[in-house]
Amino acid sequence: MALSRGLRCCQRVFSWIPVLIITSVVLWSYYAYVFELCLFTITNTFEKVAYLLVFHVCFVMFSWTYWRSIFTPPASPCKKFQLSYSDKERYEMEERPDAQKQILVEIAKKLPIFSRAQSGAIRFCDRCQVLKPDRCHHCSVCETCVLKMDHHCPWVNNCVGFSNYKFFLLFLSYSMLYCVFIAATVFRYFLKFWEGDLPNRPAKFHVLFLMFVALMFFVSLMFLFSYHCWLVAKNRSTLEAFSAPVFVGGPDRNGFNVGLHRNLEQVFGENRRLWLIPVFTGQGNGHYFPLKSLSESHNPLLANEEMWEESDDGSEEGSIDDDPSVAIEMEQ
């Protein structure tokens, strides 16, 4: 037991290494750009002030979005998706598998669950003891179920999902802007140092490395950012891109695709003035998402959990969960 705790503690410590690497590179780039380039190399005062102002705007936005990506806790299913004490006791005391499945079916009737496991069964997490909402997955690193989980990112040491996906996208975009600005403004002095037009001082090596590092990070970020832009446009997560979500009618990669405009609003919100600011503006609460196959009038974006308490007569949740062919699969 003590050994297991020790290993988990070591894992948590080592998981911060990628974050420390990124932080170290950024802090070095700040010193190299502000001091070695702007203060010690550039002689034109107007150029120096302009570079420093724009650089600090990019640096602040990059740091802000990176901070929010790291320290925003991943959202987990609310209590309505968890087994209550009485339901859990009733479930554990029941020895017949079919009866256990029926208990979970009865619990799921009041919940807006439309996605299924690969076998067509309602998804249930045995470790968290929750019925999984649509697009929710269990993260073995965070040891919890994460709403609209996209992936676990080691570079932010956090799960990217419903609560911080916007922050992650802005982090990628401002990282690219940060790299582009550095490369564009350093390029002229990079050539001067390279051709020997400037004195051979320590600033030379900082400027040369700034150019190479900025371009290297920009190329890698460009591919990652482009991929996530495509995912947002299609309203898919990284997990859903590799394995299509399954519904009652079968797998459908475009099951949550409700059009480009509405797909963007689900992540960034309706107020476009806040799209580029790292504050949460996404729609809903992560437990339910509009489906392409259902009309708008029958498929609102549920933000009020009290709507899930409605009776089953005539409701879509009831009609789906009442299907006797639907079983419960215990996902280990």
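**Helix packing and individual residues**

A: In helix H2, Val 19, Ile 22, Thr 23, Val 26, Ser 29, Tyr 30, Tyr 33, Val 34, Cys 38 and Leu 39 meet Lys 48, Tyr 51, Leu 52, Phe 55, His 56, Phe 59, Phe 62, Tyr 66 and Ile 70 of helix H3 (contact: heavy atoms within 4.5 Å). By class, this contact of H2 with H3 has 15 nonpolar, 3 polar and 1 charged residues (nonpolar: Ala, Val, Leu, Ile, Met, Phe, Trp, Tyr, Cys and Pro; charged: Asp, Glu, Lys and Arg; polar: the others, Gly among them). The model is predicted: local features need pLDDT of at least 70 and side-chain atom pairs pLDDT 80 or more, while totals for chains, interfaces and linings use all residues. Numbering starts from 1 along each chain as its sequence is written, and side-chain values use heavy atoms, without hydrogens and water.

Q: At what angle do the axes of H2 and H3 cross?

A: Two packed helices are described by the angle and the distance between their axes. Here the axes of H2 (residues 17-39) and H3 (residues 45-71) cross at roughly 170° and come within 11 Å (lines fitted to C-alpha atoms over the stretch in contact; angles from 0 to 180 degrees between N-to-C directions). H2 and H3 are therefore roughly antiparallel (over 145 degrees).

Q: How many helices and strands does the protein have?

A: The protein has 10 helices and 9 strands (DSSP runs: H or I of at least four residues, E of at least two). Of its 332 residues, 46% count as buried (under 20% relative accessible area, 1.4 Å probe, protein chains only; exposed is over 50%, partly exposed in between). Among contacts with a separation of 6 or more, 63% join residues 24 or more positions apart.

Q: Which residues have a positive phi?

A: Most residues other than glycine have a negative phi. Gln 129, not a glycine, has a positive phi of about 60°, and phi of Lys 148 is near 45°. Gln 129 sits in the loop between strand S1 (122-125) and strand S2 (130-131); its relative accessibility is 15%, so Gln 129 counts as buried. Lys 148 is in the loop between strand S4 (144-146) and S5, and is likewise buried, at 10%.

Q: Where is Asn 235 placed, and is Asn 235 buried or exposed?

A: Asn 235 is in the loop between helix H7 (202-234) and helix H8 (238-242). Its relative accessibility is 4%, so Asn 235 counts as buried. Beyond four places in sequence, Asn 235 is in contact with residues including Arg 135, Lys 148, Phe 256 and Gln 266. The side chains of Asn 235 and Gln 266 are joined by a polar contact of 3.4 Å (N or O atoms within 3.5 Å, one able to donate a hydrogen and the other to accept it; residues adjacent in sequence count only if both atoms are side-chain atoms).

Q: With which side chain does His 151 make a polar contact?

A: His 151, in strand S5 (residues 151-153), makes a side-chain polar contact with Asp 150 at 2.5 Å. Not counting residues up to four places away, His 151 touches Asn 158, Cys 159, Val 160, Phe 168, His 228 and Thr 238.

Q: What does the side chain of Asn 271 reach?

A: The side chain of Asn 271 reaches the backbone nitrogen of Arg 273 at 3.2 Å. Asn 271 lies in the loop between helix H9 (260-268) and helix H10 (316-321), and is partly exposed at 32%.

Methods. Angles under 35 degrees count as roughly parallel, over 145 as roughly antiparallel, 65 to 115 as roughly perpendicular and the rest as oblique.
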